Amino acid sequence: MTTPLDLLLFTAAATVAGAFALGRWRDIAWLTGAFYIAQLIQLTGLDLPSASHAGFTLFGQLVGWQMDGFGRFFAIITVGAAAAATAYMGGEWGERYRQAGHSLVWLHGALAINVLAMLLLLAGNDLIALFIGWELTSWASFLLMAQGGERALRAALRYVPYAMGAAMAVLGGIVLTHAFTGTLQFTELAQRVPQLENWQLALMVTLFGVGFSIKMGLLPFHLWQAPAYAEAAGAGTSFLGAISARMGLFALALLLVKFVSLTRLADLEFVSGLFDARDLIAWVAAFTIVLPTFTALKQNDARYLLAWHGIGQGGYMLLGIVIGDATGSAGGLLHVFNYATYQAALVLSVFAVLHRTGTADLNSLGGLVTRMPLTFLVMLMGIIGLAGLPPMNGFVSKWLVYRSLMIEGRPLLFLMTVIGTLGTILSVYKLIHNTFLGQLRLEHEGIREAPWSMTIPMLVLVGIGFVTGVAPGLPLQWVNDAQAALGLPVLPHTLGGVESSQGGLDMLWVVGVLFAGFGIGALLFYGVGNRSKRIHQLDNYAGGHFLSADVRYHYSDHFYAGLMHRIGPLYRGSFTRLEEAVASANDTLAALMQAWYRQRVPMLTLLVAATAGLGWMVLQ
Amino acid sequence: MIALTVALPLLAAFLLPLLPALARQFLGPLVLLAVAAFGLCLAGNALDAPSVVAIGDFRPPLGIVFYADGVAGLFVFAIAVVTLLLWPCATPNGQPDPQITRKHSLTLLMAAASCALALSGDLFNIYVFYELAAVAGYGLAAGSRTPAAQVATFRFTLLGSLGSLLALIGITLIYFRAGSLNLAHLAELAPSTLHDPLGLAGFLLILLGFGVKSELFLVNSWAPEVYATAESRVSALLAGLISKLALLAVVRLLVLVFPVPEASQLLLVLGMLGILTGELAAYRARDFRRLLAWSSIGQLGAAFVAFAIPGPAGLMAGIAVALHHLMVKPALFLLAERWGGNLAQLAGAARNSPIAAALFVLFALSLIGVPPLPGFWAKYLLLSGLAGEPAGLWWLAGLVVLTTTVVEAVYLFRIIGTLYGHQQGSVMQSRTATTGSGIFALLLVGTALSAPLLAAPLQKMATQLADTDGYVAQVISATITAPQRSGTAP
Amino acid sequence: MLTRYGSLLFATGFAFLLFSLFIALPMGEPPTLAGQAILNEAANSVGAANIVTSVVLAYRGIDTLGELSILFAAATAVGLVLGGQARAPRPSKEDGAGGFILQTGVDLLFPLLLVVGFYIILHGHLTPGGGFQGGVVLAAALVLPVLARPEESPSPAALAWVEGLAGAAFIATGLAALAYDHAFLTPLLGAGQLGDLFSAGTLPLLYLAVGLKVGAELAKLLLRLAEEGPAA
Amino acid sequence: MTALDLVILALVALLITGALAAMLLRNLLGAAVATALVSLGVSVFFVILRAPDVALTEAAVGAGLSGLLLALAARRLGLWRIEVQQSEEERQC
Amino acid sequence: MSEFGLVALLVGALGLIAIGIAGLVLARNLFRLVLALAVAEAGANLLLVLAGFRQGASAPIIEGGSTLHQVAMVDPIPQAMVLTAIVIGVGVQALALALAVRAREAYGSLDMDQLRARMEADIIAAAGTAPTTSQEAPSGARPLPPPLPSPARIAAEEPSS
């Protein structure tokens, strides 16, 4: 007898099998895409919680799977991101990828494995099942990262120590949890973990926390993420960027909210009560918003810029969840969904530009708006979402987080998020300006719009972003299920937004007003006196002087030169140096150990050991 | 049947040089198949109750007993199967080897000695068969007949002999103190006689002596030299099989005679250092075979740490770690036989030999403990055993295992990166030597799939191994198959 | 220098620690639990006047089997290490070889040594001596003529047959016990009259096998090393 | 202290001297002879310790056979040559 | 034999072991190493027989067909063990000598240090890799081998952090 969850997992496994078995078939994307859509339909119709019959008992541990609202929320995003990526891969982009000598089979296969692994992770009902999913996800995303050339492989290899460190920290946490509580089942853990002593709890939270935050890219462990995600093959990057790192958030939220509980977390005090663990995590999240965002500002490669933003946006989500009231947690969770839509769209649009022009270097693009208007539209909508402005959905989730921070009385954290948003706006403007605005380069004169196979997934994604921005009530249903599953207070909502005693938000009104304003402006512009005139892009003057075609009016080098002059010295690369130091310390140690194994007279060691051991025994 | 597992390979080894060429080909494998069958029977029977045989029908404290519990049966089976898979065959360039009969003899002797190590219940008997395994190992290690191998083997021989000497002194101490050699008898006597500095000194000397073969830290510096120079199959036998059996002998002594915290802590500390030094040294290795040697040192350190945990949980973890390593390391050495020692030349090898590369990935994943594979369960049992002990050294050991796993993942994935990388290495010998390795992979995957079924018997075996009282009762009351012979002496 | 004195220090320290351990033991009054039990019943149950022989061949027979195997392994390994190279047989007149007196002496010694060797082996269960000691004498008997006349070495094939069959005979004797429902290596044929040449059941036969095997192995080892390698 | 004790004491002194000689003599063949002598001395101890079997074995194997092995190996290693050659290649210790 | 004689024997046995082990550690000549092993083994055998000795007992051989053992006998088990140990020792010794012979034939030396250096060189040559470490140079001054990028290398190349 199969349950709906069994069926879902079976479909995911069938996708993997299909991707590898039929991977050479030209139109494989249609098949896997259809499978993803089927999974999506199953997911939306899933009864909560839905258990699986798959499972086994090993060494006294029951390992089983059961999906609740929290897991389903992430699962929907996962499968959706995979579907979009597959559609993107199916057409001209995939053809080019194949011609470059890469294996499309493995790309489809890796994507399908990722989805299966993540579903297993999200549906885990005990820590072993969670760890199985966790490890599978780690190595599946390694597989996805490593494809697409030498640089991708090297970036992926850099990910290995982080991934393994994360896995081992989690495994250490699991065995300690078992030693402390005697169980690994989620339901029993939720009862027993809060009763542990403080030091035990602190140890557990540290181990699990370090493990999960590595995957999520929280602050001291974020270095691997940007290169690994940015260098991957295009569709892979969009999937990885949209959801992969959020698995860390999922597990972290499960641990902090469901098992340890936020109130218990606040009992763990540091520095004689000045700081508690909850504050600490909130501040880590806040710094994760600010620092990577400003690192993104410095990037000159569009892919890296977006990848760094991905790290920063994770901070908002964690911050919202750690605040833990109905508004904040809803904001944090909703942000996962919202971010996935516009981030995937943005990455795909960057790769569309890359596909047509052959570069993602922000210093060698410009003026593409006339050549690729649809892509421009996607990127415009995307950055509006990323910056958190209406009418896109990013506004709603960020608004909820801000609001919760203010209600809960955390002005300093609020300040941090505002600084982060400022950095976001600055850097996304750099992105769209350097790519689409300004003057078209001569070599890009013949560029055409991206093919439909690429534009349609992008448009669908921003379309979802817009619709859920106008009507956030749609995803908020899923968010409410997730909140309920975690044991958090549920945020009451309407189709257009939220209502609360301290003042609600109705996006239908906001968007209505916005578009009314646009309408009035357009009426004024076109109706009162339209004196605009169309000229060619190169038809420029500066100070009365005619600029010839080889003099660029559009500049992109040293963007924000003044700002960078101010804040430039703050970019010290301390984390990079820390990473280098660890690597070289390891290398030195390894050399020492090798020297140990090249002893001249091993017998001497044996003699010394025997003598020392005997001495120890005799003296005892 | 118990004695046959030892007697048959010995008989075959003695007779091998006398047989016609055709029979030589088949005798060894046939005998090993028979031993494998015996091993399965023994393990199966032992799940009901362990069986004991008093060699020569002398009542136990006087004569020597062979004690076949589940672990012993399992190891006998593993010995036969692994030896069969690593059976010496033609030289690397495909020429028939004129020395092949001698190698076959030595391999059979080694298998017999290993079986005896698993079964024997007598301290000095263990020493004798340890020496037999050692001498056969020296011979095989020198069997690649390169000058470097001769020098490495000479150093190995000297170190091993010094170790045996220390072990012999340790046995002397124990015998002098307790007056018996039978492990069951010693287990009875130990609380009153051996749990003092003197007995522990004896244990320490035996540990160091047997530690040479089981790659215990401090006495394992032979391993990188020998594994880099010997034939890969021989390295696989030494690293995969002999080390485990020497370890098993130490464990029997630890469990039966020295269940005291000092002894376990000794094992724990040395094992921990073995993990650290082995894995870190492997991190910088540029030579595939030495890398495997160091990684094997690390893995055996983990096994030592696991066996140091008192009680059935630790033994369970130890058995799991040891069996896992028994499956993975020989397979990796077989790949080394195919690929040679140069890591840099492996660049892009996945294109020429996709199956071998895929096998490498599988073994690497299992080695670092990625969940559905058996390596994960071994690591999980080890860690949860350590976490179950009080904080302090035990948790430190857990931390060491966790951190070195990261190092291990880095160097293994570096090789995977090279294999699947975009540069092209110079030479790839493409021969059909992946079969053996493939069989190991099938075993590994089979274990992964049947893990829930295998867990219960394994747990039972660990309980048996930990059951000192049961051991003593079984051995002391061992039924002599016939009444004492009617001596006609006046 | 430091290594040197350090090593000496550690070796002395090791010996001193061992001394302090052993001196705490009852020297001259060991507990001999198993040993005393064997002394009490060996004569009756095994029937060999030499109780060491009872221990070596009966109580701890499998140790002896292991020991024979070690010797076999060592001989095989030496063959593996030294064998298979081009041999350069030396002319007989050089170094220690040759000389009339030596040759004649060896000729006289050879049968004597054989007889002595077999005597020691066959009386192993009665008097001190036995398979090992006799085997060494046999090996000497086989090797000494070679030192005198290097060109006349005994055939390696014959030695191989002797060692193989002798080893097999030991095991076969042990296995024969299985046919009578005894455990492996149980002495058969009854204990006999203590002190007789034909007593102690199969023990003399086992010792004969041991003696032949040891003799053949050691002779092989010696002959291998006596060969002149190409670059010696 | 009995007469036997004196014999033992003398023999122990002899053994230690022999062992030191085996380690320190420049001439390796001489060292091999010293080793065989040590074995012989030990076998005398075995007689004293009421172990005639062991004494016989030690004398036959340890002193005789092993001495023969060492001598043959020394010949093959070229250690029967004259001092000059040895001192050059044998910078032991 | 008095207590003193036994102690003297013990000292003798341990002395042989100590000298043998010191020789094993310090000697560089292969032949000498084999001799040292033989000396140490002789000491260990003596120790073992000593462990079975009983004051005033006779050898474990029943004289004249009499099983009336009023006479105490020494422990036969250690004697049997020593018999085994002696033969094992000779086997190992022969093997070590054979290896020394071959090493000398191949490398023309009996000096362990030289042989070890030659062996290392051979291993490295067989693996086709450059020597990664030398014990002489301090680890800090040693150039790191470049073939594969370590994590830190990639960090240096990426735009910033």
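Me: How many residues of chain D are in contact with chain E, and with how many residues of chain E?
Reply: The model is a predicted one. On the side of chain D, helix H1 (3-24), H2 and helix H3 (52-76) each give two or more residues. By class, that side has 30 nonpolar, seven polar and seven charged residues. In the contact as a whole, 44 residues of chain D meet 46 residues of chain E.

Me: How are helix H2 of chain D and helix H2 of chain E oriented to each other, roughly parallel or roughly antiparallel?
Reply: The axes of H2(D) (residues 28-48) and H2(E) (residues 30-52) come within 10 Å and cross at roughly 5 degrees. Angles under 35 degrees count as roughly parallel. The crossing angle therefore makes H2(D) and H2(E) roughly parallel.

Me: How many nonpolar residues does the contact of H2(D) with H2(E) have?
Reply: H2(D) takes part through residues including D:Leu28, D:Val38 and D:Phe46, and H2(E) through residues including E:Phe31, E:Leu35 and E:Val49. Three residues of this contact are polar and one is charged. The number of nonpolar residues is 14.

Me: What pattern does chain E follow along its sequence?
Reply: Chain E has 161 residues, of which 58% are buried. Among its contacts with a separation of 6 or more, 51% join residues 24 or more positions apart. The chain has five helices and zero strands. Read along the sequence, its pattern is α-α-α-α-α.

Me: Which chains have the most contacts among the eight pairs that touch?
Reply: Some chains do not touch: the nearest C-alpha atoms of chain A and chain D are 12 Å apart, and those of chain B and chain D are 15 Å apart. Among the eight pairs that do touch, the most contacts are between chains B and C.

Me: Which element gives the most to the side of chain C that touches chain B?
Reply: This contact takes 57 residues from chain C and 55 residues from chain B. The side of chain C divides into 33 nonpolar, 20 polar and four charged residues. Elements giving two or more residues to it include helix H1 (2-23), helix H4 (61-82) and helix H7 (156-179) of chain C. With 16 residues, the element that gives the most is H4(C).

Me: Which element of chain B has the highest mean pLDDT?
Reply: Chain B has a mean pLDDT of 84, and 93% of its residues reach 70 or more. Among its elements, the lowest mean, 75, belongs to helix H14 (residues 349-352). The highest mean, 92, belongs to helix H5 (residues 123-141) of chain B.

Me: Over which residues of chain B does pLDDT stay under 50?
Reply: Where pLDDT is low, the predicted coordinates should not be read in detail. The model has 27 contacts beyond four places in sequence for the stretch in question. That stretch of chain B is residues 481-490.

Me: How are H5(B) and H6(B) oriented to each other, roughly parallel or roughly antiparallel?
Reply: The axes of H5(B) and helix H6 (residues 147-178) of chain B come within 10 Å and cross at roughly 175 degrees. Their contact has twelve nonpolar, four polar and one charged residues. Angles over 145 degrees count as roughly antiparallel. H5(B) and H6(B) are therefore roughly antiparallel.

Me: How many of the 14 residues of H21(A) are buried?
Reply: At 1.5 Å a residue, helix H21 (residues 473-486) of chain A should span 20 Å, which agrees with the 20 Å between its end C-alpha atoms. Its buried residues, among them A:Trp478 and A:Leu486, pack against elements including helix H3 (69-90) and strand S5 (493-494) of chain A. The number of buried residues in H21(A) is eleven.

Me: Is A:Ser574 buried or exposed?
Reply: A:Ser574 lies in helix H24 (residues 574-596) of chain A. Because A:Ser574 has 10 C-beta neighbours inside 10 Å, it counts as exposed.

Key: Residues are numbered from 1 along each chain as its sequence is written. Chains are lettered from A and ligands numbered from 1 in the order in which they are written. This is a predicted model: local features need pLDDT of at least 70, side-chain atom pairs count only at pLDDT 80 or more; totals for chains, interfaces and linings use all residues. Axes are lines fitted to C-alpha atoms, for helices over the stretch in contact, and angles run from 0 to 180 degrees between N-to-C directions. Helices (H or I, at least four residues) and strands (E, at least two) are DSSP runs, numbered from the N terminus. Angles under 35 degrees count as roughly parallel, over 145 as roughly antiparallel, 65 to 115 as roughly perpendicular and the rest as oblique. Two residues are in contact if their C-beta atoms, placed from the backbone, lie within 7 Å. Ala, Val, Leu, Ile, Met, Phe, Trp, Tyr, Cys and Pro count as nonpolar, Asp, Glu, Lys and Arg as charged, and the others, Gly among them, as polar. A residue is buried if 20 or more other C-beta atoms lie within 10 Å of its own, exposed if 12 or fewer, and partly exposed in between; C-beta atoms are placed from the backbone. The expected span of a helix is 1.5 Å times one less than its number of residues. pLDDT is the predictor's confidence in each residue, from 0 to 100.
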